[in-house]
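Dear colleague,

I am passing this structure on to you, together with some notes on what was found in it. Please look at the sequence and the model first, and then read on.

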Amino acid sequence: MIAFNRLIHFVFVIFLNQCASQTIKEPIPSVQYWDHFAEFIAGVDLSAENIFIDLVNTKAYQDYKKNINKHWNKIQNNYLNVMKTWKDRNLNNSFPNNTTLYLLAGGDFLNMYSLNSESSRFIMIGLQKPGFIHNPLQFSEIQLKKALASVENVVHELAYYNYSTSRRLQQESNNPYFVGIAPTLLFFIKRFGHVVYNFERVYLDEDGKIIIDDSPFEVFDKRKYAGIKISFGNKDKTQIKEVYFFRIWLNANSISPNTTEGKFFLSQGRLNLMFKSAEYIFHTKEYEPFILDLLPKVDRVVQDESGIPFRYFDPKAWSFKFYGKYIGRIPLKNTPKVPFQNDLNEAFQKESNPLPFAFGYGILKAKNKSNLLLFERKSLPSKALSLK
């Protein structure tokens, strides 16, 4: 009987320990916590004081580091080095004081930062979960492997195609351990050589103002305008930058002062706008009010042909440069069947410059089928003067 009771006690203790291992508490960040985490997730050599140093010898992390370094080398060779040279020749750091707004961004910090690195403020809008990062020090090795796999899968897709599928982003942002877009952003911020000062969960209130959110994950995850804010820059903090990601479903009234997101967008000052693989939704009549309200706030647009249609850019107000090759809409499931842009095709026929990297949907057709459109404002329209 005593032996049986001891056996029951032993089994009960094991059960409790297993339950405890499944309970992952939210981290309590120190001043350097998020920089340590970014260093860890980036797969670079960790500093001696990094609080995650004990995890680097696990098989899960060693495999991750090996694969992620291979992907990063491909990103550098195929995209980053080429993009930097191209940017230095073609963008000339125009409108450096503007906020960069990237609509339908997913987790694409790679292209946004590479082509807009002069900005100090970035706003990314997408449909994925913003992010909630559980403490990896509390993971089992299996949990750690699953958490790291979600980041590696996104980086892998970017490394080989400079493109992320909606299916991949949605799947990986639902990872239960490293939730949302945040892990991918922290990965790229660190790989670009920055120090992460802080990571915060935020949301938009009814007036479109950014509010810090300390609520539990269950509350935060259900917020209509949930977001994250990451502050980063150099070691001595002489160059401080910030990136926001908000989960917002854009519609015709998303720049209206009568909507929460409209109040937010209208309060952002002058903008440099970016689109890449934008699903052609802005080619539909439904989004015309959105475009007409947004463009007066914009001074520069970098996009592929799936962004705002060429017809909305008045040559009296905008200068144009075209790169790569325009072949018309790339047929994609669940995207509108928009017409061929004859005016854009004529512009490409007159003058098109080489594009030495894959950009947008063109990569789905062939290596040299990508295009990039650069529009820069010549002068402010009268409507824009009231929106400054």
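How many residues line the largest pocket, and which of them lie nearest its centre? The lining consists of 34 residues, and Gln-128, Ser-166, Ser-277, Glu-279 and Tyr-361 are those nearest the centre.

Before going further, please keep in mind that this is a predicted model, in which local features need pLDDT of at least 70 and side-chain atom pairs count only at pLDDT 80 or more, while totals for chains, interfaces and linings use all residues. Residues are numbered from 1 along each chain as its sequence is written, and side-chain values use heavy atoms, with hydrogens and water left out.

The pocket and the cavities were found on a 1 Å grid over the protein atoms alone: a cavity is a set of points where a 1.4 Å probe fits but cannot get out, a pocket is an open set with protein on both sides within 12 Å along at least five of seven lines, and lining residues have an atom within 4 Å of a point. A volume is the space filled by probe spheres set on the points, which are joined across faces, edges and corners.

The largest pocket has a volume of about 830 Å³, and its lining has 16 nonpolar, 12 polar and 6 charged residues (Ala, Val, Leu, Ile, Met, Phe, Trp, Tyr, Cys and Pro count as nonpolar, Asp, Glu, Lys and Arg as charged, and the others, Gly among them, as polar). Helices α5 (141-161) and α6 (166-173) each supply at least two residues of this lining, and the largest share, 4 residues, comes from α6; helices here are DSSP runs (H or I, at least four residues), numbered from the N terminus.

There are also 3 cavities of 30 Å³ or more, and the largest cavity has a volume of about 50 Å³. Its lining includes Ser-150, Leu-169 and Pro-183, and α5, α6 and α7 each supply at least two of the lining residues.

As for confidence, the chain averages a pLDDT (the predictor's confidence in each residue, from 0 to 100) of 89, and 90% of the residues score at least 70. Over residues 1-22, however, pLDDT stays under 50, and the model has 3 contacts (heavy atoms within 4.5 Å) for them beyond four places in sequence. Residues 384-388 also have pLDDT under 50, with 9 such contacts. Where pLDDT is low, the predicted coordinates should not be read in detail.

With best wishes
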